Amino acid sequence: MSTPSATFAVWVSAWLNGSAAADDVLDALSHWAPLHDVVAVDQATADSLDVPVRGQAGGQVAGLLAAVRRAEVSGGRMVLPVPGDVRGLGGRSEFAGVALHAGEAVVLHGAPLGLVPEPIADGVLRWTAFDIGDAPAAEHVPLGEAEHELTGAMRVAAGVLTELGVAKHRAGVREEITTRVAHRSAAPWPEGTPPRALRVLQRANEVSAILDLAAEDSPGGALSSSSARRRADALRPLFDAVRVARLAAVDEAVRVFSEHADKH
């Protein structure tokens with residue numbers, strides 16, 4: 001699905017480069033929770049951003065946006081770490097650990113800042129800011145390459161779903177996939193987001209919905225423990241293809257908005 005980090009990275013990049021208003025960023029983030037607050041992981045970072053330190057009541061996202069502007073940030077990059085693959089987080093650190101636990105983060109361009117969103121209560125999403133020093137390098141995956149891999153993953157995912165008999169043993173599976181895709185595709189994107197990036201994000205949502213059903217469906221029927229292991233092995237690289245595609249699509253959107261600013 002789209003994530004709060006994807007929304008923040010793309011919308012803040014659009015805003016900083018003149019393609020969206022600050023209120024548009026706040027409205028887009030409200031898709032994820034009615035209330036958002038911001039804290040910094042330590043006092044030095046809190047002072048530099050003029051936001052509360054962790055342990056205090058959180059500040060407002062509008063204040064974070066103002067701090068990002070003052071820090072001359074030019075955009076953001078989404079990171080989707082998973083166990084065994086934490087590229088883009090810059091090695092072992094508290095930031096890396098918190099981001100891995102959350103499954104996502106934003107690394108800001110032009111300032112040594114990382115942000116991790118986490119739900120802390122019903123309807124409340126907290127953004128924790130970290131000073132991460134030199135921004136860690138990230139492997140660039142061309143959008144075309146990611147889309148090609150995702151297309152292959154979609155065919156394989158559909159085949160796995162059929163082979164495992166998920167559709168046979170689970171009534172209304174097609175409708176359930178459609179509902180999940182619609183929910184995951186509801187997050188808004190700025191005007192000017194490249195159509196190819198949006199297409200890849202949509203396809204990633206479709207593959208993800210299929211994979212989630214295949215992964216969570218009760219074994220039932222003829223599935224033995226060896227078949228269950230085979231299912232997990234078959235699905236793992238497909239989840240990776242979805243994750244890489246989402247990263248590539250968000251990177252492409254950020255790149256396009258940055259180039260838009262360079263032309264003005």
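User: What are the ground rules for the numbering and the values?
Analyst: Residues are numbered from 1 along each chain as its sequence is written, and side-chain values use heavy atoms, with hydrogens and water left out. The model is predicted: local features need pLDDT of at least 70 and side-chain atom pairs count only at pLDDT 80 or more, while totals for chains, interfaces and linings use all residues.

User: Why is α1 called roughly antiparallel to α2?
Analyst: The two helices pack at an angle of about 170°, with axes 9 Å apart. Axes are lines fitted to C-alpha atoms, for helices over the stretch in contact, and angles run from 0 to 180 degrees between N-to-C directions. Angles under 35 degrees count as roughly parallel, over 145 as roughly antiparallel, 65 to 115 as roughly perpendicular and the rest as oblique. That makes α1 roughly antiparallel to α2. Helices here are DSSP runs (H or I, at least four residues), strands are E runs of at least two, and both are numbered from the N terminus.

User: Which residues make the contact of α1 with α2?
Analyst: Pro4, Thr7, Phe8, Trp11, Val12 and Trp15 of α1 meet Ala22, Asp24, Val25, Ala28 and Leu29 of α2, where contact means heavy atoms within 4.5 Å. By class the contact has 9 nonpolar, 1 polar and 1 charged residues. Ala, Val, Leu, Ile, Met, Phe, Trp, Tyr, Cys and Pro count as nonpolar, Asp, Glu, Lys and Arg as charged, and the others, Gly among them, as polar.

User: What makes α2 oblique to α4?
Analyst: Helix α2 (residues 22-29) and helix α4 (residues 61-70) pack at about 130°, with their axes 11 Å apart. That angle therefore makes α2 oblique to α4. The crossing of α2 past α4 is right-handed; a crossing is left-handed if the near helix is turned anticlockwise from the far one by less than a right angle, and right-handed if clockwise. Ala22, Val25, Leu26 and Leu29 in α2 meet Val61, Ala62 and Leu65 in α4. The residues of this contact divide into 7 nonpolar, no polar and no charged.

User: Why are α1 and α4 described as oblique to each other?
Analyst: The axes of α1 (residues 4-16) and α4 cross at roughly 55° and come within 12 Å. The pair is therefore oblique, and its crossing is right-handed. Phe8, Val12, Trp15 and Leu16 of α1 make the contact with Leu64, Leu65, Val68 and Arg69 of α4. This contact has 7 nonpolar, no polar and 1 charged residues.

User: What lines the second largest cavity?
Analyst: Its lining consists of Val10, Trp189, Thr193, Ala197, Leu201, Ala249, Val250 and Ala253. These residues divide into 7 nonpolar, 1 polar and no charged. The largest share, 3 residues, comes from α10.

User: Which residues are closest to the centre of the second largest pocket?
Analyst: Of the 16 lining residues, they are Arg87, Ala138, Glu139, Val141 and Leu247. The lining has 9 nonpolar, 1 polar and 6 charged residues, and its largest share, 5 residues, comes from α10.

Terms used:
1 Å grid on protein atoms, 1.4 Å probe; cavity = no way out; pocket = protein on both sides within 12 Å on 5 of 7 lines; lining within 4 Å.
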